[in-house]
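Hi there,

Here is the structure I promised to send over. Have a look at it first, and then read on for what turned up.

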Amino acid sequence: MSQTLYVQLLDLACGALLLTAVLVLWRREVAVIIRIFALQGVALAALVAVLAVHERSAELGAVGVGILVLRAGVLPNLLRRALVGFPHTPRETRPVVNVSASLLAAAVLALIAYAVSQPLVALAPSPATHAIPVGMAVVLIGFFVLVTRRRALSQLVGFLLMDNGITALGFLTTSGVGLVVELGVSLDVLLAVLVLQILTSRMRAAFGDTDLDELRELHD
Amino acid sequence: MITLLMLVPIAVPALAAAIYAVVRWRPATVWVSAASSAVVLAAAIALATNVAQRGPHTAVAGLLRADALSAFMLIVIGAIALLATAATPAHLRAEILAGRADQRTASRHSLLVQLFLAAMALAVLAANIGLLWIAVEGTTIATAFLVGQRRTRSAIEAAWKYVVICSTGIALALLGIILLNYASQHTPAPAGLDWTGLASSAGSLDPAVTRIAIVLLILGFGTKAGLAPMHAWLPDAHSQAPAPVSALMSGVLLSVAFYAILRVKVIADAALGIEFARALLVVIALASLALAASLLLAQRDYKRMLAYSSIEHMGLLALGAAAGSRLAIAAVLLHIAGHGLAKSVLFLGAGRVLQTTGTSRIDGVRGLAARQPLVAGCLGFGVLALIGLPPFSLFASELGIARAGFATGLGWATAAALVLVVVIAAALVTHTSRMLLGTPPDGPGTASAPLHMPAVTATALVAGLLASAALGLTAGPLQPLLHLAADILAGTR
């Protein structure tokens, strides 16, 4: 792969990553949000694939396939399973911050991500590390979704968005953190989502819905 | 031999979990849980003697590493697990009698507690920071269903908050690890993520990147340790979890997360100088203490009261770590042991009170001393231990932390912390004396368990208090271990 093509593909994958994160902020239907999240999984896997081809690393290619299966297949499916049983499509009706303000916030978060990432890029400038601000912005947007959404499932997507951003950063900085750790991390994320999914269904059994506004039993 | 000793604390609880998965909770397996904890404790003690004589040991392709600090933490885990699991059968039996649980719940409870123990042992034995991260996230997953065990609205809410907040915090720590790895790859001799490699090459880490990494790591593991401002899950989870699980979570899980902060601080001190991590920890410590004090004053729920007191003690640990001298670190480690013992006794006692009175409100419990003198005595002495009265070991360790704080130039912070500690002590004593003293309410209450305490539970409570008092009089055989561990952390070795 020529250097220009590599840089273009890398930027394309990172652009898709950021775009899907912003789309999650824009849409309200939980089912659509889950579909966007699956798209982001594809973008993340594509990013890893581009890096793998560039570094001619079969191991990295295998990790990319694993990421595609987990983040574009298994996790969105788990989320969709949590949706089954709702009489109507759930919507994020009253997010703490409304959609237009959320989009503005995303712009601000992207600027913050850019500022925070300066020392990271400066340590080892390369096409891959120049994309670090994108990963950082996805992490921040994920965190923002997590704290401003009231529906349990949208919070879950926020958490997973953060996690996608962190994984992207892992590959952009150093092609991952070793296979054992990578496997452990993926397994832990999968388990955490399983746990949260079971808890959502229990919450629905106890509260009737998974709007976190209902979570007002415990406070001081 | 020593490799075997390192594998036992992880493998035996995992095996016990497998037993509960296959054979389930029945009369023959009731004590498997306690037996496995006893084995963990024995292996920890053997490992500690070995490590104290022969120095650190690495095993299993460099994934596990035992030094004095891991051995000490393992002893604390084993001791508190023994207390908690010894009291578990009686607790579960009472829950089943009251119809709040069945045999399936009991099997799952025992299984998850064993997995939880295995994960904590793995966390303190992990040779690299990535494996430690996996183990700490594993503890969250294992305990999520334990917190939500009762399946009431409030229990599910607590479990949800617990998993979401802790997973988010730990995700921040993962980002910190990735950045640390990035910085470590660009040193002259890339050392990966091993504690020893990171500590020895810390001097050549890029300071700007390391600074971001350290902030994320301390915030992330601080979330799991229940330090302000990421503490919101702790009071809910600790008050909703079954008593033996609360005892384990408060007694050791918080300290295991704090252990990660202590290890990270070694790297931070070497890479950035001691001022950076110190400033961060002092702010976190004072915020935790202030938060605990303000919410304890008007607390109405005794399990939440104990939970806020855990935040207080984590704050004190952070203050000691900020001071960072050898004395301070030894005091911090002693404090981890002392707080673990006292707090697990209190949570087990509180669980007993909840089962016999049916309410967790402080004003719902009156005249406990007259009706259940043994539980009342344990609670009373436990609270005295918690506020740091001699002869209990928290007195010695709080004194050590305060002295080290004044000696290392943290005078103002330490003075403010002491004022807050006194306020908290007053609140704890007032609330507890209201529960213990006074005239018992007339007529039969909503008692759901027989009033006399099962002998094993009573033994566990008294043993915990005696151990805490003994530790306060002399650290005895733990002394050399404490000093070795303090050497590792204070950067003198």
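Predicted model: local features only at pLDDT ≥ 70, side-chain atom pairs only at ≥ 80, totals over all residues.

Let's begin in chain B. Helix α16 (residues 393-407) of chain B packs with helix α17 (residues 411-436) of chain B at an angle of about 150°, and their axes are 7 Å apart. That angle is over 145 degrees, so α16(B) and α17(B) are roughly antiparallel to each other. The crossing of α16(B) past α17(B) is left-handed. On the α16(B) side the contact uses Ala402(B), Gly405(B) and Phe406(B), while α17(B) brings Gly411(B), Ala413(B), Thr414(B) and Leu418(B). Sorted by class, these contact residues are four nonpolar, three polar and no charged.

Next, where the two chains meet. The contact takes 35 residues from chain A and 38 residues from chain B. In chain A, α4 (99-123), α6 (132-148), α7 (152-174) and α8 (179-207) each supply at least two residues of the side that touches chain B. The most come from α8(A), with 13 residues. That side of chain A has 24 nonpolar, six polar and five charged residues.

Several residues of α1(A) are buried, including Leu10(A), Leu17(A) and Val24(A). The buried residues of α1(A) pack against α2 (30-55), α4, α5 (127-130), α6 and α7 of chain A.

Happy exploring!

Conventions
Residues numbered from 1 in each chain as written. Chains lettered and ligands numbered in written order. Contact = placed C-beta atoms within 7 Å. Helix = DSSP H or I, 4+ residues; strand = E, 2+ residues; numbered from the N terminus. Nonpolar A, V, L, I, M, F, W, Y, C, P; charged D, E, K, R; others polar. Axes fitted to C-alpha atoms, helices over the stretch in contact; angles between N-to-C directions. Parallel < 35°, antiparallel > 145°, perpendicular 65-115°, else oblique. Left-handed = near helix turned anticlockwise from the far one by under 90°. Buried ≥ 20, exposed ≤ 12 C-beta atoms within 10 Å, placed from the backbone.
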